[in-house]
Amino acid sequence: MAPKRLIIEMGMGVDQHGQDPTVAAARAVRNAIAHNALPGVWEVAGLSHPNEMLVEVQVAVPFPDQVRQEEVLAVLPFGQKTLVLKEGGMVVAGRAIPELDDKNDDMYVAIAAVTVSIPDQG
């Protein structure tokens with residue numbers, strides 16, 4: 001049998017300065033999981049440790065090929081983690097500030113979906 005999805009969390013992240021798609025992606029994932037508790041992992045699904053969860057992260061971000069994947073996944077404290085990056089999000093005109101190491105006026109916006117599943121126990 002296939003894993004069973006427990007929850008899907010969505011979030012948005014922005015890198016206003018620095019033009020780093022990794023920063024935007026990590027912020028989107030952090031935003032997606034920021035206000036959640038998953039007691040059902042133990043109380044309903046019966047897992048003995050949160051590292052048994054399957055956590056699939058999908059992020060749409062400008063320039064996905066530049067994302068440092070390990071930094072995005074490091075936002076998640078537990079689970080067997082996978083990351084799928086897609087071209088998307090937005091590039092929005094902001095204002096470059098030299099002291100913040102801006103290369104240009106671009107701000108990068110990323111969106112994320114974090115799906116927590118439990119392994120098939122059958």
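**Labels and their cut-offs**

Modeller: To begin with, the structure holds one aromatic pair. The rings belong to Phe63 and Tyr108. Keep in mind that this is a predicted model, where local features need pLDDT of at least 70 and side-chain atom pairs count only at pLDDT 80 or more, while totals for chains, interfaces and linings use all residues. Residues are numbered from 1 along each chain as its sequence is written, and side-chain values use heavy atoms, with hydrogens and water left out.

Colleague: Why is the pair of Phe63 and Tyr108 called tilted?
Modeller: Rings of Phe, Tyr and Trp (its six-membered ring) pair if their centres lie within 6.5 Å; planes under 30 degrees apart are stacked, over 60 edge-to-face, and the rest tilted. Here the centres are 5.5 Å apart and the planes sit at 50 degrees, so the pair is tilted.

Colleague: Where in the chain do the two rings sit?
Modeller: Phe63 is in the loop between β2 and α3 and Tyr108 in strand β5, 45 residues apart, so this pair links distant parts of the chain. Helices (H or I, at least four residues) and strands (E, at least two) are DSSP runs, numbered from the N terminus. Phe63 also has a positive phi, near 55 degrees, though it is a residue other than glycine.

Colleague: What makes Tyr108 buried and Phe63 partly exposed?
Modeller: Buried means under 20% relative accessible area, exposed over 50%, and partly exposed in between (1.4 Å probe, protein chains only). Tyr108 has 6%, so it counts as buried; Phe63 has 34%, so it counts as partly exposed.

Colleague: What makes Asp20, Arg68 and Glu71 a network?
Modeller: Arg68 also meets Glu71 in a salt bridge, at 2.6 Å from N to O. The count comes to two salt bridges, and they link Asp20, Arg68 and Glu71. Asp20 is buried at 18%, whereas Arg68 at 30% is partly exposed, and Glu71 at 38% is partly exposed too.

Colleague: Which residues is Thr115 in contact with?
Modeller: Contact means heavy atoms within 4.5 Å. Leaving aside neighbours within four places in sequence, Thr115 is in contact with Arg5, Ile7, Ile8, Leu54, Val55 and Glu56. Thr115 lies in strand β5 (residues 106-118) and, at 9%, counts as buried.

Colleague: Why does Trp42 count as partly exposed?
Modeller: Its relative accessibility is 43%, so Trp42 counts as partly exposed. Trp42 is found in helix α2 (residues 40-43).

Note on methods: A salt bridge is a side-chain nitrogen of Lys or Arg within 4 Å of a carboxyl oxygen of Asp or Glu.
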